[in-house]
Amino acid sequence: MVGVDGSAAALSAVRLAAHEAARRGRNLRIVHAFIWPLMHVNVGASQAVPEGGLQHDAERLLAEAAATATAAQPDVTAVTDLVTGAPAAVLLTAARDAELLVLGDRGLGGFTGLLLGSVAVQVTAHSTTPVLVARGEQHAGGPIVVGVDDSPAGAAAIEAAFVAAEQQQAELLAVRTWTYPAMATLYTPPVPVDCGPVEDAERLVLADALAASSARHPKVEVREQLVCGRPGRTLVQFSELAQLIVVGARGRGGFAGLLLGSVSQQVLHHAACPVLVVPDPRQDRTP
């Protein structure tokens, strides 16, 4: 499923969604949220301009999106759906039965200075369906990059990354970050530390996190990368050469009440390639 609003970013999302539908052997549902009837606005055409009106405008943008999908993937069956309601609520409800929800990173509304649109923020925070946000470009020949931690959402992200790498016949780059013990406390000056044991322990955690999915997908070529640094910044750097970045919706850090983790937010705002956000299937994300 892909959400559209007539923006250039939405059409980029349509093309990406069409390719995903072809790769997965699925149909494509194109949805536009039509909010004007809720505001009691006249959406019909006037006598002076029979082809005008908000209803016709919405139908035209859906037709343009369907044509864009067909041009990108002629063999994919694309259907359009005009749904009355606010965009985030419409997309969250409609995506419950979808395998994947695809969005553009910026729509027509909101403030132009924002790096990520408000609808994309709301939907990725609350969706129980994996959300693919069309950003930057899919760097041909690049790896599928997944951020690895030992959280439940991280495990779901790892499995989704293996599936994507298998479908795209791409290398999987599994990235785990760590920091020096002295960096853990903001106001503690650095002290000499033997980091060998820390690196060894982190390497074991990384290998253990990948083991189950690696056994299920033996044909996927996996490269493990242990990096000393901050996770969000590290993943953004790797996105400059990646086809796709995969992250869990929530990791270990941050505040427990947040539905979208700080690392996921940083990657969504700054990545140079599409970002797949995978929710923890056990978490209640009802808005």
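This is a predicted model: local features need pLDDT of at least 70, side-chain atom pairs count only at pLDDT 80 or more; totals for chains, interfaces and linings use all residues.
Helices H3 and H4 pack with their axes 9 Å apart, at an angle of about 35 degrees. In the crossing, H3 passes H4 in a right-handed sense. On the side of H3 the contact is formed by Pro87, Ala88, Leu91 and Leu92, and on the side of H4 by Val119, Gln122, Val123 and His126. Classified by residue type, this contact comprises six nonpolar residues, two polar residues and no charged ones. The spacing of such contact residues may be read against the geometry of the helix. An α-helix has 3.6 residues a turn, so residues three or four places apart point the same way.

Helix H4 spans residues 118-126, and its buried residues are Ala120, Val123, Thr124 and Ala125.

The largest of them has 42 residues, and Leu28, Ile30, Ile144, Val146 and Val246 have the most contacts inside it. Helix H1, residues 8-24, gives the most to this core, with eight residues. With neighbours within four places in sequence left aside, Val246 is in contact with Ile144, Val145, Val146 and Gly147, with Ala157, Ala160 and Ala161, and with Leu276 and Val278. Two of these partners, Ile144 and Val146, are themselves named among the residues with the most contacts inside the core. Apart from this core lies another, of 30 residues, which includes Val247, Ala249, Ala271 and Cys273.

Cys273 counts as buried because its relative accessibility is 0%, whereas Cys228, at 36%, counts as partly exposed. A disulfide is a covalent bond between the sulfur atoms of two cysteines. With a cut-off of 2.5 Å between cysteine sulfur atoms, the count of disulfides in the model is zero.

A last feature concerns the backbone. Most residues other than glycine have a negative phi. Gln169, however, has a positive phi, near 50 degrees. Gln169 is placed in the loop between helix H5 (152-168) and strand E7 (172-178). Because its relative accessibility is 77%, Gln169 counts as exposed.

Terms used
Residues are numbered from 1 along each chain as its sequence is written. Side-chain values use heavy atoms; hydrogens and water are left out. Buried means under 20% relative accessible area, exposed over 50%, partly exposed in between (1.4 Å probe, protein chains only). Helices (H or I, at least four residues) and strands (E, at least two) are DSSP runs, numbered from the N terminus. Axes are lines fitted to C-alpha atoms, for helices over the stretch in contact, and angles run from 0 to 180 degrees between N-to-C directions. A crossing is left-handed if the near helix is turned anticlockwise from the far one by less than a right angle, and right-handed if clockwise. Contact means heavy atoms within 4.5 Å. Ala, Val, Leu, Ile, Met, Phe, Trp, Tyr, Cys and Pro count as nonpolar, Asp, Glu, Lys and Arg as charged, and the others, Gly among them, as polar. A nonpolar core is a set of buried Ala, Val, Leu, Ile, Met, Phe, Trp, Tyr and Cys residues joined through side-chain atoms within 4.5 Å.
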